[in-house]
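Work through these exercises with the model open beside you. Try each task before you read its solution.

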Amino acid sequence: MSRGSKQTSKEDILAAARKLLTQEGSAGASMRDIAAELNIGVGNLTYYYKTKIELMEAVVLDLHQNAELRPAPTDLAGLDELFRIAESKHAESTYYFRNYAKFAKVSGQIREIQTTLWQKHRENWVVILENLRAADLTAPEGYAGQYELFIDSVMFMMLYRDSRDEVDGYMGFTAPSLTDCLWSLFYPVLTENGKKIYLDTIKKTL
């Protein structure tokens with residue numbers, strides 16, 4: 001494709017943006033860098049997306065347009081599956097999770113999307129804990145508000161776990177998987193029955 005050609009599709013541009021956002025972060029991936037990755041001129045790129053913010057908004061909208069909440073699991077096998085799906089999504093969308101907070105700072109539209117999704121996921125986690133409690137898999141709260149904080153901790157881990165990879169990379173550490181991290185949060189709140197099921201049927205597969 002010759003430089004300056006308008007044969008480039010929006011899908012091509014979004015793919016290039018995702019690649020460079022993963023490699024360089026939201027601050028490092030410029031419109032010029034993305035145009036160079038596609039071997040087109042910056043003017044060609046701005047024909048589709050006039051600013052970098054507009055392009056980042058398109059990347060995030062593309063990620064979330066078909067996103068659906070999975071039904072709240074009712075047992076530990078379903079919870080483990082949920083963790084593994086989340087880990088898979090992180091691997092596929094590193095560009096997004098490593099830049100999660102930065103995206104929100106530069107775009108009100110992205111911040112609104114994230115806020116709406118946060119609320120929906122938080123409500124879903126309330127249902128998940130209720131389901132597990134009804135199945136005698138999680139213990140009652142040890143103190144008022146414990147599970148409110150617990151849900152926040154789980155969601156924080158799911159949103160920001162990928163940021164640790166960058167730190168571990170230059171410090172020479174190897175971070176545990178997202179699934180292992182989430183189970184480390186959940187194990188202390190399991191009942192004795194829940195802990196036995198986890199150790200006998202799930203821990204063996206991790």
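**Exercise 1. Find which helix gives the largest share of the lining of the largest pocket, and describe that lining.**

Step 1. Start with the helix. H8 supplies 10 residues, the largest share of the lining. Keep in mind that this is a predicted model.

Step 2. Helix H4 (52-64), H5, helix H6 (94-97) and H9 join H8 in supplying at least two lining residues each.

Step 3. Take the volume. The largest pocket holds about 820 Å³ of space. It is lined by 30 residues, and those closest to its centre are His64, Leu69, Lys89, Phe97 and His121.

Step 4. Sort the lining by type. There are 18 nonpolar, seven polar and five charged residues.

**Exercise 2. Locate the largest nonpolar core and say which residues have the most contacts inside it.**

Step 1. The core has 27 residues, and Ile34 and Leu55 have the most contacts inside it.

Step 2. Trace its sources. Helix H1 (10-28), helix H2 (31-38), helix H3 (42-48), H4, H6 and helix H7 (100-106) each give at least two residues. H1 gives the most, with six.

Step 3. Look around Leu55. Leaving out residues up to four places away in sequence, Leu55 touches Ile13, Leu14, Ala17, Met31, Ile34 and Tyr49.

**Exercise 3. Decide whether leucine 14 is buried or exposed, and list what it touches.**

Step 1. Leucine 14 lies in helix H1.

Step 2. Its relative accessibility is 9%, so leucine 14 counts as buried. The cut-off for buried is under 20%.

Step 3. Leaving out residues up to four places away in sequence, leucine 14 touches Tyr49, Leu55, Ala58, Val59 and Asp62.

Step 4. Take one of these partners. Leucine 14 and aspartate 62 are 48 residues apart in sequence, yet 8.4 Å apart in space, C-alpha to C-alpha.

**Exercise 4. Name the buried residues of helix H11 and some of what covers them.**

Step 1. H11 spans residues 178-186, and Leu178, Thr179, Cys181, Leu182, Trp183 and Phe186 are buried there.

Step 2. The cover includes helix H5 (76-92), helix H8 (108-134), helix H9 (146-160) and helix H12 (192-202).

Definitions and conventions. Residues numbered from 1 in each chain as written. Predicted model: local features only at pLDDT ≥ 70, side-chain atom pairs only at ≥ 80, totals over all residues. Heavy atoms only, no water. Buried < 20%, exposed > 50% of the residue type's maximum accessible area, 1.4 Å probe, protein only. Helix = DSSP H or I, 4+ residues; strand = E, 2+ residues; numbered from the N terminus. Contact = heavy atoms within 4.5 Å. 1 Å grid on protein atoms, 1.4 Å probe; cavity = no way out; pocket = protein on both sides within 12 Å on 5 of 7 lines; lining within 4 Å. Points joined across faces, edges and corners; volume = space filled by probe spheres on them. Nonpolar A, V, L, I, M, F, W, Y, C, P; charged D, E, K, R; others polar. Core = buried A, V, L, I, M, F, W, Y, C linked by side-chain atoms within 4.5 Å.
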